[in-house]
Amino acid sequence: MRILGLDLSTHSSGVSIFENNKLIYNELIFPNKNDSTFVRIVYTQNEIEKIIKKYNIDYVAIEDVAISVTRNAKTCHDLLFLVGSICGLCNVYGVKWKIFIPSHWRKLVRCI
């Protein structure tokens, strides 16, 4: 089983692929910082789509948006939009996905 782990951001997104609990690929996606937020989101979505197709991903684990008083509403909105676009992309390709709170997925990774 190939699992794609995502730590999403509109400025840089972390991508890791695990196969049978072994890390086989990782990278950072860097959209152009001068582009609008929407263009950066679309760029990130397109890059993740390439990875899903190339690596024949079975499952996607996405880090949840930590909504707190330290983030402004626009940042939360943008991150939620990005997460939603990736969930939709997974649905298009029939890839199962789940959103994990940061403390939960970090605990799972320590077990590998």
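**Figure 1. Ser-12 lies in the loop between strands β1 and β2.** The model shown is predicted: local features need pLDDT of at least 70, side-chain atom pairs count only at pLDDT 80 or more, and totals for chains, interfaces and linings use all residues. Residues are numbered from 1 along each chain as its sequence is written, and side-chain values use heavy atoms, with hydrogens and water left out. Helices (H or I, at least four residues) and strands (E, at least two) are DSSP runs numbered from the N terminus. Ser-12 counts as partly exposed because its relative accessibility is 26%; buried means under 20% relative accessible area, exposed over 50%, and partly exposed in between, for a 1.4 Å probe and protein chains only. Leaving aside neighbours within four places in sequence, Ser-12 is in contact with Asp-7, Ile-29, Phe-30 and Pro-31, where contact means heavy atoms within 4.5 Å. Ser-12 and Arg-40 are 28 residues apart in sequence, and their C-alpha atoms are 9.3 Å apart in space.

**Figure 2. The protein chain is built of three helices and five strands.** Read from the N terminus on, the order of elements is β-β-β-α-β-α-β-α. The protein chain has 112 residues, of which 34% count as buried. Among contacts between residues at least 6 apart in sequence, 59% join residues at least 24 apart.

**Figure 3. Five strands form an open sheet with mixed pairing.** Across the sheet, the strands follow the order β3-β2-β1-β4-β5. Strands β3 (22-29) and β5 stand at the edges and have a single partner strand each, so one side of each is left without a neighbour in the sheet. From one strand to the next, the twist averages 20 degrees. Two strands pair if DSSP finds at least two bridges between them.

**Figure 4. Strand β1 pairs with β2 and with β4.** The strands β1 and β2 run antiparallel and are joined by six bridges, among them the one that makes Ile-17 of β2 the partner of Leu-4. The hairpin between β1 and β2 passes through five residues. By contrast, β1 and β4 run parallel, with four bridges, and Gly-5 stands opposite Ala-61 in β4.

**Figure 5. Strand β3 pairs with β2 in the antiparallel sense.** Seven bridges link β2 and β3; Phe-18 has Leu-23 of β3 as its bridge partner. Leu-28 also lies in β3 and is partly exposed, because its relative accessible area is 47%. Beyond its neighbours within four places in sequence, Leu-28 is in contact with Ser-13 and Gly-14. From Leu-28 to Leu-8 the separation is 20 residues in sequence and 9.8 Å in space, C-alpha to C-alpha.

**Figure 6. Helix α1 lies across β1, β2 and β3.** The helix runs at about 155 degrees to β3; axes are lines fitted to C-alpha atoms, for helices over the stretch in contact, and angles run from 0 to 180 degrees between N-to-C directions. Thr-37 has its place in α1. Is Thr-37 buried or exposed? With 17% relative accessibility, Thr-37 counts as buried. Apart from neighbours within four places in sequence, Thr-37 is in contact with Thr-10, Lys-74 and Asp-78.

**Figure 7. Helix α2 comprises residues 73-93.** At 1.5 Å a residue, its 21 residues should span 30 Å, and the end C-alpha atoms are 31 Å apart, which agrees; the expected span is 1.5 Å times one less than the number of residues. Asn-72 caps the N-terminal end of α2, as one of its side-chain oxygens lies 3.1 Å from the backbone nitrogen of Lys-74. After the helix comes Gly-94, with a positive phi near 70 degrees. Buried residues of α2 include Leu-79, Leu-82, Ile-86 and Leu-89. Among the elements that cover the buried residues are β1 (2-7), α1 (37-55) and β4 (59-63).

**Figure 8. The largest nonpolar core has 23 residues.** Such a core is a set of buried Ala, Val, Leu, Ile, Met, Phe, Trp, Tyr and Cys residues joined through side-chain atoms within 4.5 Å. Leu-4, Leu-6 and Ile-48 have the most contacts inside this core. The elements that give two or more residues to the core are β1, β2, α1, β4 and α2. Its largest share, seven residues, comes from α2. Neighbours within four places in sequence aside, the contacts of Leu-6 include Val-15, Ile-48, Val-60, Ile-62 and Ile-86. In soluble globular proteins, nonpolar side chains tend to be buried together.

Technical notes:
Polar contact = N/O pair within 3.5 Å; in protein donor to acceptor, adjacent residues only side chain to side chain.
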